[in-house]
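Dear colleague,

I am passing on the structure below, with notes on what came out of it. Please look it over when you have time.

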Amino acid sequence: MDYSFLQCGEGALTVHLGDGIDPAINRRVTALQGAIGSAGLRGITDLIPAYADLTVCYDCTVISAKALQRQLRRLLDSLSVAGQDRRRVFRLPVCYGGDYGPDLDFVCHHSGLSTQEVIALHSAPDYLIYMLGFLPGFAYLGGLDPRLHTPRLDSPRTCIPAGSVGIGGAQTGVYPLASPGGWQLLGRTPVSVFDRQRQEPILYRAGDLVHFVPISPAEYEEIARAVAAGTYTVQVEEVSVCD
């Protein structure tokens, strides 16, 4: 397996495992992250996965950069990504169109597809979370149907509601907080994907999967009330992923 190291200051080392946005490359990232966790290496303070890289944060008073590289080489040289992997799938309800998805009509026009075709295509895949970034809990999802690839807005909005589901180029994702943004908005989920009051503030992790489930406006309001009352539970399943 080809890899390289990039030193990032005194307390972080990035392991580069490939080029491009590719599930096979990202699986190496996930496998290395798991191997480091299982090895119980001393001095590791955090692991930050990305598309094709894993940044290993460490305490330089406990382990040196050279010693860390030596231990990581040992793990990398024996790393296996073959066989079956178990992943969590988070099923997020989404109300498409209307006030919840003001750009759905534009996506339909751009793709030449009907409203129902766009919704069906968008809600069909299990999307892989390659990485989290931009905002706390903003998941960069892979697996969007090429027919739905849509350019970003010419002029970004200054405030997008939390839970908005959009398309930006070849990717789709959920805005976890109200924020500026330039993605085309298809719909909105009433689920809080980021909640600082939860024990685990971010709903999911890199390596998990997301599946969007179309719901009606009435269902949206019902779920939103349950979320506000703390009585709603997101449906999570485990699936096997094979090479």
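**Overall fold and aromatic pairs**

The protein chain has five helices and 14 strands; note that this is a predicted model. Its radius of gyration is 20 Å, close to the 18 Å from the globule rule for 243 residues, so the chain is as compact as a globular protein of that length. The C-alpha trace spans about 55 × 40 × 35 Å along its principal axes.

Of the 243 residues, 47% count as buried. Among contacts between residues at least 6 apart in sequence, 65% join residues at least 24 apart. The chain exposes about 12,100 Å², and carbon and sulfur atoms supply 51% of that. There are 19 positive and 25 negative charges, and their mean positions are 7 Å apart.

The count of aromatic pairs is 11. In one of them, the ring centres of Y127 and F212 are 5.6 Å apart and the planes meet at 50°, so the pair is tilted. Y127 belongs to strand β6 (residues 127-132) and F212 to strand β13 (residues 209-215), so this pair ties together parts that are 85 residues apart in sequence. Both Y127 and F212 are buried.

F138 and W183 make an edge-to-face pair, 5.4 Å centre to centre with 80° between the planes. F138 sits in the loop between β6 and β7, and W183 in the loop between β11 and β12, so the pair ties together parts 45 residues apart in sequence. F138 is buried at a relative accessible area of 2%, and W183 is buried at 6%. Both residues belong to one aromatic cluster, together with Y51, Y130, F134, Y140 and Y175.

Regards

Terms used. Residues are numbered from 1 along each chain as its sequence is written. This is a predicted model: local features need pLDDT of at least 70, side-chain atom pairs count only at pLDDT 80 or more; totals for chains, interfaces and linings use all residues. Side-chain values use heavy atoms; hydrogens and water are left out. Helices (H or I, at least four residues) and strands (E, at least two) are DSSP runs, numbered from the N terminus. The radius of gyration is taken over C-alpha atoms; the globule rule is 2.2 Å times the number of residues to the power 0.38. Buried means under 20% relative accessible area, exposed over 50%, partly exposed in between (1.4 Å probe, protein chains only). Contact means heavy atoms within 4.5 Å. Accessible areas come from the Shrake-Rupley method with a 1.4 Å probe; for residues, only the protein chains shown count as cover. Lys and Arg count as positive and Asp and Glu as negative; His and the chain ends are not counted. The place of a charge is taken as NZ of Lys, CZ of Arg, CG of Asp or CD of Glu. Rings of Phe, Tyr and Trp (its six-membered ring) pair if their centres lie within 6.5 Å; planes under 30 degrees apart count as stacked, over 60 as edge-to-face and the rest as tilted.
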